[in-house]
Amino acid sequence: MQYSQKVLDHFMHPKNVGKMDAPDAIATEGSPACGDQVTVYLKVDEQSHKIEDISFLSYGCASNIATASIITELAKGKTLEEAKQITWRDAMEALDGLPPVKVHCSVLAADTLQTAISNYEIAHGLKEVPDFSKETIVEELKKIIYPQVGEDIVSLKMVKYVGFTDGEVLIDLNMASFDTWRENVAEEIREHLEKYPAVKNIQINFP
Amino acid sequence: MNRIYMDNCVTSQPAPEVLAAMQTYFTEKYWFPGSFISTGEEINTVIEQTKQQISHVINAKPNEIHFTSGGTLANNIAIKGLATAYSERGNHIICSVVDYPDLLTNAAFLENSGFEVTYLNADSDGFIDLNELKSAIRPTTIMFMTTIVNHVLGTIQSMQEIREILDHAGHKIYFHADACQAFGKIPLDVQALGVDTLAISAHKIHGPQGVGALYKKTGVKLGQIIHGVKRVEELQPGGINIALIAGFTEAVEITFSDFQQTQKHLRDLSDHLIKKMEETIPEIELNGPRGEKRAPHNVNFTINYIEGEAITMMLDMQGITVATGSACASQGLKPNYILMAVGKNHMQSHGSMKFTFGRYNTNEEIDFVVEKLAEITISLRKRSPLYKSDK
């Protein structure tokens, strides 16, 4: 497992790092328990909705710092609408790839950017707080990376069933009993869904 | 730039004396032991001599030493061997949550094969709970196994107390010890320890990789785990590299010729690092015990608010090799199980840095490492959302 030169450059010399004074929006994703945490700060022009300034803080490994750095580079100067199109795949590509077990870092960075944009839009009346539904769960599952290959579990067709009734989330995953990543994947799913107040219980089933 | 290597508990640089001692067994005397012909007899003699030398430093008899292809092999042969040899007496085994993976994976295997295993808990310094040991013993308990020196925290288990508990159990409980981290670091006397089997390895004391030894007390039975033709050893059939055995013996020679000095060198390095770190870097915590109950070669610190993979990468770019207990640096993306088992939280585990010394480390290296580590800590804390700069 090796990092690309670009990852090492952004790790050793991250761009846009540091806490921002009086930001227009903040978002923090992850936690020390997950092993990584990213905070993104935004300054947005009220008229043009352009991201005038962006910075981040990161608690995490080299790829965590590098992906947060690149995501701020990708978003800087873009309008909110443009920045909303930035995904973890863009971050990966801009860094010349990541080792499979580190792909989840790019998801965390992209996710934090998207949450910061969403927080801005909600605070400025540009959108409503979205309702939680089955679609929200599916969107979150698209952010869960299977560490063995570095792809998300929805693209890999590992999700067999998603249900949501009265706060109960039910997910059936197609992962073999000898798959050593079962526990990691289930833990990631819980971390992603537990932050929603609408979620009361999460049941994950394996064959 | 010469690399500064402080991960000696994983493997250590083979000593030049070791390389020289092995040479002839790769080129001229590449034979296996055997009877009646001169080539085989010569190797027989070499093996007898090496067993003499190794047995001497742990107060065993030469015929109680059995070479293996490393510490893991020795642990497997002993643990599975004891369990199968004495399964008629009972099916209960005791070990602890802070044991080395060799012991824990063998325990899990035996559990799947119908044995019952009790995993003792440990305190915040990594010492196993001896009251739990007392109450865990049942009439069906056939084996207790432990890791004498913890591979993460350097904790030296209270071997004398453990022995007394086992001696007073009312029936024979076979006692296996993994001494791979202890051998060459602290004095080991198999008679005083009261062990039935004990595993050691060469490459952690500047010997070659791929060779270890199992001490098996006279009269103790082991079920045969590996089957095949006997070349060198009954317990591990097939070939065992004679050159590596010769190298192992030389490593024992250089380590034990002045064992007090070997220990003092390691202890002085650890003391120097602990002092330097605590003077230089704020908000760090030593993991594991202080003083004599800690193995002399091991220092483990948590550097709060930052993550260990990032630290090790930055040190690596400065030519420094150390280890971390961070999940991000592990193959399974899990925080170090030892640190979690002794009650550390995720941040403490992710931010843990382990430095383990060998005979070639110096105080000058330590000064350089601490200087670089202090710079890295400031740089990474500036980036960390967990660190409050107003502190």
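**A helix pair in chain B**

Tutor: α1(B) and α8(B) cross in a right-handed sense. Keep in mind that the model is predicted. Helix α1 of chain B covers residues 16-27, and helix α8 of chain B covers residues 242-256. Their axes lie 8 Å apart and meet at an angle of about 155°. Angles over 145 degrees count as roughly antiparallel, so α1(B) runs roughly antiparallel to α8(B).

Now the residues. α1(B) contributes B:Glu17, B:Val18, B:Ala21, B:Met22, B:Tyr25 and B:Phe26. From α8(B) come B:Ile242, B:Ala243, B:Leu244, B:Ala246, B:Gly247, B:Glu250, B:Ala251 and B:Ile254. Sorted by class, this contact holds 11 nonpolar residues, one polar and two charged.

Next, the surroundings. Chain B is split into domain 1 (16-256) and domain 2 (259-383). The centres of these two domains of chain B, taken over C-alpha atoms, are 28 Å apart. Across their boundary, 21 residues of domain 1 of chain B touch 23 residues of domain 2 of chain B. On the domain 1 side of that contact, 10 residues are nonpolar, nine polar and two charged.

Last, the partner chain. Here 20 residues of chain A contact 16 residues of chain B. On the chain A side, β2 (36-44), β3 (51-59) and α2 (62-75) each give two or more residues. β3(A) supplies the largest share, three residues. This side of chain A has 12 nonpolar and eight polar residues, and no charged ones.

Key
Residues are numbered from 1 along each chain as its sequence is written. Chains are lettered from A and ligands numbered from 1 in the order in which they are written. This is a predicted model: local features need pLDDT of at least 70, side-chain atom pairs count only at pLDDT 80 or more; totals for chains, interfaces and linings use all residues. Domain bounds come from an automatic or database domain assignment. Two residues are in contact if their C-beta atoms, placed from the backbone, lie within 7 Å. Ala, Val, Leu, Ile, Met, Phe, Trp, Tyr, Cys and Pro count as nonpolar, Asp, Glu, Lys and Arg as charged, and the others, Gly among them, as polar. Helices (H or I, at least four residues) and strands (E, at least two) are DSSP runs, numbered from the N terminus. Axes are lines fitted to C-alpha atoms, for helices over the stretch in contact, and angles run from 0 to 180 degrees between N-to-C directions. Angles under 35 degrees count as roughly parallel, over 145 as roughly antiparallel, 65 to 115 as roughly perpendicular and the rest as oblique. A crossing is left-handed if the near helix is turned anticlockwise from the far one by less than a right angle, and right-handed if clockwise.
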